[in-house]
Amino acid sequence: MPAEPIPTPNDTEARSIDTQNTDALLVDVLRHRIGKDERAAKPHDWFTAAVLTLRDRIIDRWMEATRRTYEEKDKRVYYLSLEFLIGRLMRDALSNMEMTGEMEQALRNHGFDLAALEELEPDAALGNGGLGRLAACFMESLASLDIPAYGYGIRYVNGMFRQRIDDGWQVELPETWLAHGNPWEFERRESSYHVGFGGEVVGSGDGVEWHPHEEVEATAVDTPVVGWRGKRVNTLRLWTASALDPIRLDAFNAGEHAEALSDQVRADSLVRVLYPADSSPAGQELRLRQEFFFSSASIQDIVRRHVQYEGDIRTLPDKAAIQLNDTHPSVAVAELMRLLIDVHGLEFEEAWDVTRRTIAYTNHTLLPEALESWPLPLFERLLPRHMQIVYAINSRVLREARKAGLDDGAISAISLIDEGGDRRVRMANLAFAGAHSVNGVAALHTELMKETVFADLHKLYPDRINNKTNGVTPRRWLQQCNPGLTAILRDTIGDAFLDDAEKLVELDRFAGDTTLGERLAEVKRANKVALAAHIRELTGVRLNPDALFDVQIKRIHEYKRQLLNLIETVALYDQIRCHPERDWVPRVKIIGGKAAPSYHNAKLIIKLANDIARRINSDPSVGGLLKVVFVPNYNVSLAERIIPAADLSEQISTAGMEASGTGNMKFALNGALTIGTLDGANIEIKDRVGDENIVIFGLTAEEVAARRADGYNPREVIEHSRELHQAVEAIASGVFSPDDPHRYTGLMGGLYDHDWFMVASDFDAYAAAQRSVDARWEDQAGWRKAVVHNIANVGWFSSDRTISEYARDIWKVM
C-alpha cells in the first residue's frame, strides 16, 4: 500500500469508524453470503467475503455513474477488443476506492493478512500480451477521467493457455481461472442477442433478409471497472455463448448422446480459448466465428441502447464512439452497416455516413500476418450478407480511388479484396475504409503506417491517420506494484503525481541528491530480494539480489529478438570463462513470455533459453557472475513482481517492427534503465529521458529496410564477428543441447541464410551496448542519477494522457 500522510486526530477517528463499518460488513457478508462463521471460514472464504464487501461499495458508485450518464445524455465510448488482460482486481479496486487501509485492518482483526489473501485471486485469463494489457489500462483511465465507457470482449473460460515448462519445453495447459466462480461479475440475461452464421440472403420487398443456418445466443457478463479515487465506475461487458437448444432430446434419447450436445459444444468453442491455432481450416473458421460473435453482439448492444434511449438511429455518431482495438473486430464495420440497412431501413449512403462517423480504428502492427485477412470462400460461407456489404463498400472505395487519380497498383492495394491466387478479404482495409480516424500507437509506427501497409489508403484519405502514443496506468504500474518507491516519491515531491503522473517531472531536480539515490537503491534491492525469493520458489534457481537484474519479459516472437539476447548471453558466458581475470559485473538474465502454440521457432527459443540456463547455472567456472532464468507462465501478477525489481529493461526489437511497446514505459517508471533499438515508443522515451539516460544501439528502421532491399548477407556478418560466430556455432553444434546436438541447427541456419530480423546485423552493437551497461553499473552514483531522470520524465506515458488525446481528437467527449 502506498505511504499515507500522517493522520490528524479527526482523520484517525474517521478511519477507525470506517474500519469498524468495514469489519461489520465483512462479517455480515461472510455469514449471510458465504455461509460461514468466523471460526469455520477458510482463507478463500475471507477472500471472497472481502471482494463482495468491496464490490458492494463499488456497485453504489457504478449505479450512480450510469444514472448520471443517462440523465446528462452523455456520449459514450465503446472499446471493442479481443483481449482485456486485467490481471487481479482486488488490490486495484481497493486502491482506487481508497479502502486499502480499512480493509487491511478489518482483516487483521480476524487474523488475516490482506496481501496474503490477494494472492488467492487468479489472474483473469482474458488476454495474452501488450494489446490486452493496453485495453485494461485504457478502461481504468477512462473511468479515472470520468468518461462514460463500455469495454466489449469475450469471457474466455480457458484463456490462451497456462504455460508449464517440462524439460525446458513449453507445455500448454488450460487456464482454470473460473473454476471457483468469479465474484466480480454479473450476468445480464436481459442483454442477450442472437448471432448468426451461414445460411442465405433472400429478397424481401425492396430489401433483403439474411436467414442464418446457425444461431447462437450471446449473453452479457459485466465486471465493474473502478477509476482512481472512485470518480467513475465503468463497465467491462464480456460475452458468453450458448446454443438456442442446448440439448436435442430426441437424439439423446435415441442413444446419440454426444451428437445431442453438439450444438452446445459448438457454441461453447466460441468462448473457450483465446487465439485458437489457425494453422488448419477449422482453426481459421473458429477464429473468424469468434471475431464475428463478439463484434455482432457488441454492435447489437450498442445499437439497441441508442435506439432505446435516443430513438433516432441517425444520431448514433453523436452519442456513440466505437473504437476498434486492432483488426480483430473489423467485421463490426459490416455488421453495423447490416443493422442500419436491413433492420433500420437506411439507404446505403446514409448508413455508410453513420458508420464512418461512429467508428474509429487503432492499428497495432505492421506485420502482414497480424493485419488479418480471411479466405473469401470461408468469409462468404459464414457471413453471406456481410460479404455482399463488403463488396458494396469496396465498389464505393475503388470508385473514389479511381476518381482521385490513383494508378492500378494503388487501387489493387486499396481494395478490400485481395484478388491474388488465394482470394482473401482484407480486414485491415475494411477497418480503415469504415473509420473516420485511424491511429498508430507511437510516432514512428504512425509514420511507417503511412509509408508501408497503408501507403495507398493514406493517399486516398490523407487526413485519416493520426498518432496516439500508448500509455500505462500509473495506479497499477507504480502505486500498487511498487509501494516503496511510491512512498519515497510522495516524501520527495508531494502527492500531486498521484492524480497527474506528469507531475513526476518535479523529481528531476533531485537527480543529484545522493540521499534520494540511496533510498531508491534500498527500495530496488528490497524488491529484488522479494523477486529472488519468488523465483526460487517457482524454479529452484538462487539469484543474487546485488547482481544487475537484466529483464526481458514479453510475448515470444522472433521480431522481439529474445534470440539476440540469448546469443549475447552465450557470448558473455564464453568471455567470462576465457577471461576470469577481468572484473565482470554480476548479472542475472530474467526472461519470460509465452509462445503461440503453433509457432515452432518461438517455442524452440524458449527451449534454448532453458538449455542455456541449465548449462550456465550449473557451471562453477562463472562463479555466480552470470545466472539465467526463464520464468514460467508470465502474466500480469508476475509482471507486477518483476518490473519493480528490474535494473535493465530489454526493448531490443528489430527497428520498425514494434508498434509501440508498453513494457518499456512500465520499467522506466519503476527506475529501470532501457537498452533498446530506435523502435516503437523507445524513441519517445529517449526524447523524454535524454540520450545519456538510455542505452540505444543498432540499425534504424530506415537502415533495416535499406539492408533488406540491398541484398543483406548475414553469413558474411556472422563470419566477421568472432564473438557472434563462436556463440552461434556453439548453439548450432549442440554445446547447449547434448541430448540432441542438432536441435538448434535449423534455428541458427536461419541466421546464416536470411536473418530477416537482423539479429546478426545488430549483434556487435548490442554486445558493445551491454558492456557499456556494465561500465555504468560500476558507477552507482551515475546509475542512480539516471534512474531518477527516467522516473521523473516518463509520467507523460500515462494512459490518462493517451485517453485524453483519444477523447479530445477522435471521440469528441472532452
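F797 counts as buried because its relative accessibility is 1%, where buried means under 20% relative accessible area, exposed over 50% and partly exposed in between (1.4 Å probe, protein chains only). W796 is also buried, with a relative accessible area of 15%. The model is predicted: local features need pLDDT of at least 70, side-chain atom pairs count only at pLDDT 80 or more, and totals for chains, interfaces and linings use all residues. Residues are numbered from 1 along each chain as its sequence is written, and side-chain values use heavy atoms, with hydrogens and water left out.

**Aromatic rings and charges**

A search of the whole structure gives 21 aromatic pairs. Rings of Phe, Tyr and Trp (its six-membered ring) pair if their centres lie within 6.5 Å; planes under 30 degrees apart count as stacked, over 60 as edge-to-face and the rest as tilted. Two of the pairs are tabulated here.

| Pair | Type | Centre to centre | Angle between planes |
|---|---|---|---|
| Y152 and W239 | stacked | 6.1 Å | 5° |
| W796 and F797 | edge-to-face | 5.0 Å | 90° |

Y152 lies in strand 2 (residues 149-154) and W239 in strand 9 (residues 233-243), so that pair links parts of the chain 87 residues apart. Helices (H or I, at least four residues) and strands (E, at least two) are DSSP runs, numbered from the N terminus. Both Y152 and W239 are buried. They belong to one aromatic cluster together with Y78, Y150 and Y193.

A charge sits over a ring if NZ of Lys or CZ of Arg is within 6 Å of the ring centre and within 35 degrees of the ring normal. The charged end of R801 is placed this way over W796, 3.7 Å from the ring centre. R289 lies over the face of F197, at 4.4 Å from the ring centre.

**A buried arginine**

R561 is found in the loop between strand 17 (548-553) and helix 24 (562-578). R561 counts as buried because its relative accessibility is 0%. Leaving aside residues up to four places away in sequence, the residues that R561 touches include Q552, F697, F757 and D762; contact means heavy atoms within 4.5 Å.

**Helix 2**

How far apart are the end C-alpha atoms of helix 2 (residues 43-72)? They are 43 Å apart, which agrees with the 44 Å that its 30 residues should span. The expected span is 1.5 Å times one less than the number of residues. Just after helix 2, K73 has a positive phi of about 50°.

An open sheet with mixed pairing is formed by 9 strands in the order 5-8-9-2-1-10-11-15-16. Two strands pair if DSSP finds at least two bridges between them. Strand 5 (186-197) and strand 16 (465-467) are the edge strands, each pairing on one side only. Strand 8 (residues 214-226) and strand 9 run antiparallel and are joined by 11 bridges. D222 has R237, in strand 9, as its bridge partner.

Another open sheet has 3 strands in the order 12-14-13, with antiparallel pairing. Strand 12 (373-375) and strand 13 (417-418) stand at its edges with a single partner strand each, so one side of each has no neighbour in the sheet. Strand 12 pairs with strand 14 (residues 424-426) over 3 bridges, in the antiparallel sense. W374 stands opposite V425 in strand 14.
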